[in-house]
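Please look over the structure shown below before reading on.

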Amino acid sequence: MSITLDETPATYQGRPRYEGANIRTWIGFKHFEYLVEEAVLQWFRDRGIGPSALYHAYGVGLEFVDSSIRLPATLTIDDEVRATAVPGTPAPGRGLPFTVKLTVERDGKTVPILSGKVRVALVREKDAPQSEPLPAELEALTVAEVAELSPATAGLQLPEAITVPAGDDVRAALVPEGSNSFLWSWRIPYFYCHFSDRLQHSGYIRAMEEVVDRFLDSRGLAVGRMLDERGWIPVVSRARVQLLADAHMEETLHTVFTVEEIVKDVMYNARMDCYVLRDGRLIPTATGTILHGYAVSRGERAGALAEFDAATRTALLGDAA
């Protein structure tokens, strides 16, 4: 079968899922990411090579391996979103990049709500029921495992593998005293995975959302408390997640979250690094960053970014303050 990986954009229209309206009717950042995925999947489906065809015909799984998004405006549950995915140039060991934009129509105007870049790759699935040879056009996108891909280093400091000496625990290796890091270790469930095996990109997005929530609660800044006491609504301006290696179903994923800096007293910049322990070594499987803050929901300053006081800065930075 001949496949043409042309540069024609794909367009997807839809609404965010109701699940994402957690605070009033605003939509959380991971549901922006889901709409980005739909736009890219539409590009493949337009060419007759959606995820099902790729898996059953060619024995490969379509995997999102890197995403970087900026969110200049809010999204609400009844917004109808127009998502456009424009492909770049595929390269061996790099996959296929896309530029994605999301817009909504408000008061007769087109409002951008997301700009981002995404990279996908095809991963050979060991148990896939392949029925046809992989077309030559798809070879440049295909790897045996995620770790074969060359990571993009722009804007990210890549974590390294960590040796855990016999008798030492993971916590001491990942969150030594004075590091200001927070550790959450959890079992990878099947419903966060793709193709009966790998933790998928959106599973890491969910993990990023949850580790932020757990970190804030541990520092006395639980989302519910801040809503009740201050009327502060959490907002995300920028997020990125890049896969570095496969993490498998039912492995324990050690997720480290660290606030690195306070930005102009209204946002905090943080990073997430994920590891699995194999043969005495902590192998990094993903890394990411998030720029997070709060909006004021009531009073004269409603809609403005909340300014951190000294207690909030100290709670976020911990010993690093």
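Predicted model: local features only at pLDDT ≥ 70, side-chain atom pairs only at ≥ 80, totals over all residues.

Residues are numbered from 1 along each chain as its sequence is written, and side-chain values use heavy atoms, with hydrogens and water left out.

**Nonpolar cores**

- In soluble globular proteins, nonpolar side chains tend to be buried together.
- A nonpolar core here is a set of buried Ala, Val, Leu, Ile, Met, Phe, Trp, Tyr and Cys residues joined through side-chain atoms within 4.5 Å, where buried means under 20% relative accessible area, exposed over 50% and partly exposed in between, with a 1.4 Å probe and protein chains only.
- The largest nonpolar core has 90 residues, and Phe 44, Leu 102 and Tyr 268 have the most contacts inside it.
- Helix 1, residues 29-46, gives the most to this core, with nine residues; helices (H or I, at least four residues) and strands (E, at least two) are DSSP runs, numbered from the N terminus.
- Leaving out residues up to four places away in sequence, Leu 102 touches a set of residues that includes Phe 32, Leu 35, Val 36, Val 81 and Arg 82, contact being heavy atoms within 4.5 Å.
- A second, separate core has eight residues, among them Leu 174, Leu 183, Val 256 and Tyr 275.

**Aromatic pairs**

- The whole structure holds 14 aromatic pairs, that is, rings of Phe, Tyr and Trp (its six-membered ring) with centres within 6.5 Å, counted as stacked when the planes are under 30 degrees apart, edge-to-face when over 60 and tilted for the rest.
- The rings of Trp 43 and Phe 44 have centres 5.1 Å apart and planes at 80°, so this pair is edge-to-face, and both residues are buried.
- Trp 186 and Tyr 192 form an edge-to-face pair, with 5.8 Å between centres and 70° between planes; both are buried.
- One aromatic cluster is formed by Trp 184, Trp 186, Tyr 190, Phe 191 and Tyr 192.

- His 201 is found in helix 5, residues 201-218, and counts as buried because its relative accessibility is 4%.
- Beyond its neighbours within four places in sequence, His 201 is in contact with residues including Glu 33, Glu 37, Phe 64 and Ser 67.
- One cavity of 30 Å³ or more is found in the whole structure; on a 1 Å grid over the protein atoms alone, a cavity is a set of points where a 1.4 Å probe fits but cannot get out, a pocket is an open set with protein on both sides within 12 Å along at least five of seven lines, and lining residues have an atom within 4 Å of a point.
- The largest cavity has a volume of about 40 Å³, volume being the space filled by probe spheres set on grid points that are joined across faces, edges and corners.
- Glu 33, Val 36, Glu 37, Phe 64, Ser 67, Val 118 and His 201 line this cavity.

**Pockets**

- The largest pocket holds about 900 Å³ of space and is lined by 36 residues, of which Gly 28, Ile 233, Pro 234, Val 235 and Val 236 lie nearest its centre.
- Helix 5 gives the most to the lining of the largest pocket, with six residues.
- The second largest pocket has a volume of about 310 Å³.
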